[in-house]
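Let's take a friendly walk through this fold together. Have the viewer open and follow along, one stop at a time.

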Amino acid sequence: MAAAPASIAFIASRRRLFNALFSSAGVEDIDPGLSKRRPGRNGFLPKDLPQSPAALSFPPAPVRWLTRCTFGYTYAELSAFNALGGNDNARWTAWVNRQLDPALINDSTCDARVASAGFVTLNKTPNQLWTDHHSVTNDYSLRMKPIAETESMTVIRQTYSQRQLFEVMVDFWHDHFSVFGWDYDGGPMFPAFDRLAIRPFVFGNFRTMLEEVGKSASMMYMLDLYSSEAGHPNENYARELFELHTMGAENYGGIVQDPDNPPAIDELGYFYSPVDGKKERLKYVDDDVYEAARALTGWTISGSTWPYDPINGRPLGEFAYNSTAHDQGVKRILARYFPASQGQTDGENLFDMLARHPRTARHVVTKICKRFVGSNPSSTLIDSATATFIQASDDNDQIAQVLRAILQSNEFKTSWGTGMKRPALSAVSALRGTGADFTPKPDYNSSIYTPTEEFMGRLQAAGHKLFYWPAPNGYPDDPVAWSSTGTLGMTLRMLPRLLEMHQTESYNSSHPFLIDIQGQTISALGSNLLSSTNVIGYWCDRILGYRPEPVRTVAVDFFRQNVAADALIDLSTNNWKKSNLSEHYTQTRLRTAVSLILCSPEFLRR
């Protein structure tokens, strides 16, 4: 086939791919012809263009399941999955049970990669972080080294950890309890937030995690709880505690006069607590926020306020309760009476009440369902998982029970394509699927442009640098939010670039590639099987888990150029050959062909 027709076919196929991507992301109100209208063209689309997720192919069930419960499907993950039972459902049950018990999973290879990066801040106590970094005001790199190292460590674990479901939930909770990691005060303390408040409770008890997050220095700085005192309580943390961390903004009743008595309480709704039978409101109002702020006065960071001395003997940087700053008066929250002079118990009772509240259960469960099932999980699934959340409220594995109920549901097993990989997930999925050798570590003083700098910079350009969302609501989990031309465009620029980045110095070709596409291809197929059909089929299997159309044909046509699809391609050289396009820069062309697979809707869907 001549080169020109192949090029025309390529362009037409790419249009179909991008239209399908926007449709699968739920962006259906935009006329897809607008972007193609030029003088003399009317933007009319052929009738055969896919216009809905149903028009796109579905990967095999295990690939779908693994894609949503890991940071990207891999050959190795599928091979391990296939060894777990006699059929897909049995294997899936075994896989989920294994992942929900991460302590039993050997992760020494990933641990060794983390150790090889030479991080020095990740295991420091809050007091050590305070002394070694938070107190430093004349060296920004040293001050912010803890968050920079946490960011790099997180990418390593997302890419290489065998405890994939654990890492997916770490990411979920960092969005749920969102902290801007590069805050001048919170950034130096961030490893303690990740290590002590998030990771120990990923599959554990929500009530326990809720309080540990509230006591964390990074969260206190994010939402100003450390400075809240009797007489002038700061409501920032209290408001987000209701709106984001527990009951959700959907249960905000507004500014209501006398909310605890009829007719207001009947309109807001109420229930009787299973703990003591007392009445509690189903919706929160502004008065609840103000009263909760009072209940949490005195919760602070040792050494964070004037005169910056340790509080009650607590080491600097650690949580401390300052009784002299606590509002000891009577409080009333969600119609529940809080007696006077209860001290720190006020805050603990507040966490108890919110963690067991039925609207908290539904809010948290809905977010988990959206993360794993898709944009519009059914009310049936949400109701069922909410009941599990409530029933397990006193259990140490509460979240694990909820996850098991969701991941074993028929809705999870059969749904696909209503979600979209966010930029960071797309990047890590690409690293995993292509077998990258990448150990990111912060570079503070060198003059070279390292692959870590480029990788983190490209995530930032795409709008998804880790721990960089400035608002407390966390990065959005809605595909429409990531489908703009800016964000999607930068993602589609980032993914091909991953295959061109080099070790040590990103643009220096004297160093090895982060991803050895050529070496892996030859090793897998041998020189006698390097036809375009075989090569592209192999990489579709590696990256996507199947060979969807038109992705496979587009990539084959580009890679083969002017020879037959079953003709062998010489990957031993990378020379300019004007006379024969099939021999023209074959190694570079291979990387570009693999990039087409990475930029396909099938790769970006979930």
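How do the axes of helix 9 and helix 10 cross, and within what distance do they come? The axes of helix 9 (residues 164–176) and helix 10 (residues 190–198) come within 11 Å and cross at roughly 115°. Helix 9 is therefore roughly perpendicular to helix 10, where angles of 65 to 115 degrees count as roughly perpendicular, under 35 as roughly parallel, over 145 as roughly antiparallel and the rest as oblique. The axes are lines fitted to C-alpha atoms, for helices over the stretch in contact, and the angles run from 0 to 180 degrees between N-to-C directions. Helices (H or I, at least four residues) and strands (E, at least two) are DSSP runs, numbered from the N terminus.

Before going on, please keep in mind that this is a predicted model, in which local features need pLDDT of at least 70 and side-chain atom pairs count only at pLDDT 80 or more, while totals for chains, interfaces and linings use all residues. Residues are numbered from 1 along each chain as its sequence is written, and side-chain values use heavy atoms, with hydrogens and water left out.

Back to our pair of helices. Helix 9 passes helix 10 in a right-handed crossing; a crossing is right-handed if the near helix is turned clockwise from the far one by less than a right angle, and left-handed if anticlockwise. Val 170, Trp 173 and His 174 are the helix 9 side of the meeting, and Phe 190, Phe 193, Asp 194 and Ile 198 are the helix 10 side. By class, this contact of helix 9 with helix 10 has 5 nonpolar, 1 polar and 1 charged residues. Here Ala, Val, Leu, Ile, Met, Phe, Trp, Tyr, Cys and Pro count as nonpolar, Asp, Glu, Lys and Arg as charged, and the others, Gly among them, as polar. Contact means heavy atoms within 4.5 Å.

Now stay with helix 10, which is mostly covered: 7 of its 9 residues are buried. Buried means under 20% relative accessible area, exposed over 50%, and partly exposed in between (1.4 Å probe, protein chains only). The buried residues are Phe 190, Pro 191, Ala 192, Phe 193, Asp 194, Ala 197 and Ile 198. They pack against helix 6 (126–134), helix 8, helix 9, helix 11 and helix 12 (217–223).

Helix 8 (residues 145–160) holds Ile 147, which is buried with a relative accessible area of 0%. Leaving aside neighbours within four places in sequence, Ile 147 is in contact with Gly 181, Trp 182, Gly 187, Phe 190 and Phe 467.

Next comes helix 11 (residues 206–215), where 8 of the 10 residues are buried. At its start, a side-chain oxygen of Asn 205 reaches to within 3.0 Å of the backbone nitrogen of Arg 207.

Which helix does helix 11 cross at roughly 135°? The partner is helix 16 (residues 345–355), and the two axes come within 9 Å. That angle makes helix 11 oblique to helix 16, and the crossing is right-handed. Phe 206, Arg 207, Leu 210 and Glu 211 in helix 11 meet Glu 348, Phe 351, Asp 352 and Ala 355 in helix 16. These residues divide into 4 nonpolar, no polar and 4 charged.

Let's turn to the loops. Ser 273 sits in the loop between strand 1 (270–272) and strand 2 (279–281), and is buried at 2% relative accessible area. A polar atom of the Ser 273 side chain lies 3.1 Å from the backbone nitrogen of Val 275. Beyond neighbours within four places in sequence, Ser 273 is in contact with Lys 278, Glu 280, Arg 336 and Arg 356.

A cis peptide bond, with omega about 5°, joins Pro 262 and Pro 263, and Pro 263 lies in the loop between helix 13 (236–245) and helix 14 (264–268). The bond from Glu 549 to Pro 550 is cis, with omega near 5°.

Are the two residues below buried or partly exposed? Tyr 308, with a positive phi of about 65° although it is not a glycine, is partly exposed at 48% relative accessible area. Leu 334, with a positive phi of about 55°, counts as buried at 0% relative accessibility.

Definitions and conventions:
A polar contact is a pair of N or O atoms within 3.5 Å; within protein, one must be able to donate a hydrogen and the other to accept it, and residues adjacent in sequence count only if both atoms are side-chain atoms.
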